[in-house]
Structure formats: structure tokens, C-alpha cells
Amino acid sequence: MTTEKWPDGDSGFQIEEDDAFEWRDYGVEDYATLVVFWVLALDVFVQFFSRYVLGNSIAWTEEIARYLLVMVGFMGGAMTVRKGSQIAVEFFYRYMPLWMARTASTLVDLVNIAFFAAMVWLTFNLSSLTTALMASVDIPKSYLYYIVMLGFVLMLVRAVQLAIRHWHSGSSELLDSP
């Protein structure tokens, strides 16, 4: 990235120019989440238009928006796992000896994998037990749970990839932070 001073030179602010877009920098979950997000935006616009312009709200838009938002959240979780940007307490890693920090980082990776695997199993069982339909549309609610399960499967795959990368490099984002 390049930086430029403001034209007058008096300001302490710097402008960062974005690098060119490279489609390979993003995972499949990024694009899928973007598509679901825009479908959500369209749904909310239809809801707004029908309620405030036409004066009569379309019933299914609110429920579908709720489920699309759940989808964005769980599919977006895979992006954070891929980048290794989940919330973590980095304070202790700074004061641990390197061997202890690496052991703790590996343990965190294993706990993440175990958690995501358990959530895949749990959401699969919940999906297969759910027979109810959505309130405003005749679509089974189990489809929503399967999409949540897909989000957990993506998170599990990305967590395994991240753990392998950490193991091979001997480091992680937690150990590399300043």
C-alpha cells in the first residue's frame, strides 16, 4: 500500500490507497455470503417499499429477512475462521515463554476444531428432527438449520486448514501480533 500526505501537508492524516482487487484473495464463503447479503438487502428493500410506499406490508419479507441474516452470520463466521480473526485473549501470549505460547495456540486450534465438529453434529441432528414449516411461507425450517450446519462445516474446514498452517509454520496470528 502506498500513502500520500494531504495536499496542504499540514495534516497528520495519511490516505491509504487500496490495492487492486484480486479475486483469489477471497474464499468461496466470501462470495456466497456476499450473494446472501445482497438478497437480504433486496428483501429489506421490498419490505420497506411495500410497507411505506404501497401502504401494505408483504408478510413473508420480515421472516425471510430474519433467516437471511442468520445465514449471513453463520456463513460469515467461516470468513473469520479462515483469516484467524476470531476474538482471542492475546495478552497472555505476550508474557508466556515461546514453547508455552505455541502449546496454548495448538490447544486453542484443537478446541476450535472440536467445537465446530460438535456443532456440525448437533445442527445435523436438530435439522433432521425439525418438521415445522416457516410461519409465512411453506418452507421447512429444517432448511435453515441445514444452512447453519453448512456454516459450521465451512468453519470446521477452515479451522482444520488454519491449524495445519499454524502447525507447519510454527506460529499463529496470536503469536505474531505486536
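Reader: In what order do the elements run from the N terminus on?
Author: The order is β-β-α-α-α-α-α-α, and the secondary structure comes to 6 helices and 2 strands. Helices (H or I, at least four residues) and strands (E, at least two) are DSSP runs, numbered from the N terminus. This is a predicted model, in which local features need pLDDT of at least 70 and side-chain atom pairs count only at pLDDT 80 or more, while totals for chains, interfaces and linings use all residues. Residues are numbered from 1 along each chain as its sequence is written, and side-chain values use heavy atoms, with hydrogens and water left out.

Reader: How do α4 and α5 pack?
Author: Helix α4 (residues 98–129) and helix α5 (residues 142–169) pack at an angle of about 160 degrees, and their axes are 8 Å apart. Axes are lines fitted to C-alpha atoms, for helices over the stretch in contact, and angles run from 0 to 180 degrees between N-to-C directions. The two helices are therefore roughly antiparallel (angles over 145 degrees count as roughly antiparallel, under 35 as roughly parallel).

Reader: Which classes of residue make up that contact?
Author: The contact of α4 with α5 has 19 nonpolar, 6 polar and 2 charged residues. Ala, Val, Leu, Ile, Met, Phe, Trp, Tyr, Cys and Pro count as nonpolar, Asp, Glu, Lys and Arg as charged, and the others, Gly among them, as polar.

Reader: And α2 against α5: what are the angle and the distance between axes?
Author: Helix α2 (residues 59–83) packs with α5 at an angle of about 5 degrees, with axes 7 Å apart. That makes α2 roughly parallel to α5. By class, the contact of α2 with α5 has 14 nonpolar, 2 polar and 3 charged residues.

Reader: Which residues meet there?
Author: Among them are Y67, F74 and R82 in α2, and I147, F152 and R158 in α5.

Reader: Is R158 buried or exposed?
Author: R158, in helix α5, is buried, with a relative accessible area of 17%. Buried means under 20% relative accessible area, exposed over 50%, and partly exposed in between (1.4 Å probe, protein chains only).

Reader: What does R158 touch, leaving aside neighbours within four places in sequence?
Author: R158 is in contact with G27, V28, E29, A78, V81 and R82; contact means heavy atoms within 4.5 Å.

Reader: Turning to the whole protein, how much is buried?
Author: Buried residues make up 29% of the 178 residues.

Notes: Parallel < 35°, antiparallel > 145°, perpendicular 65-115°, else oblique.
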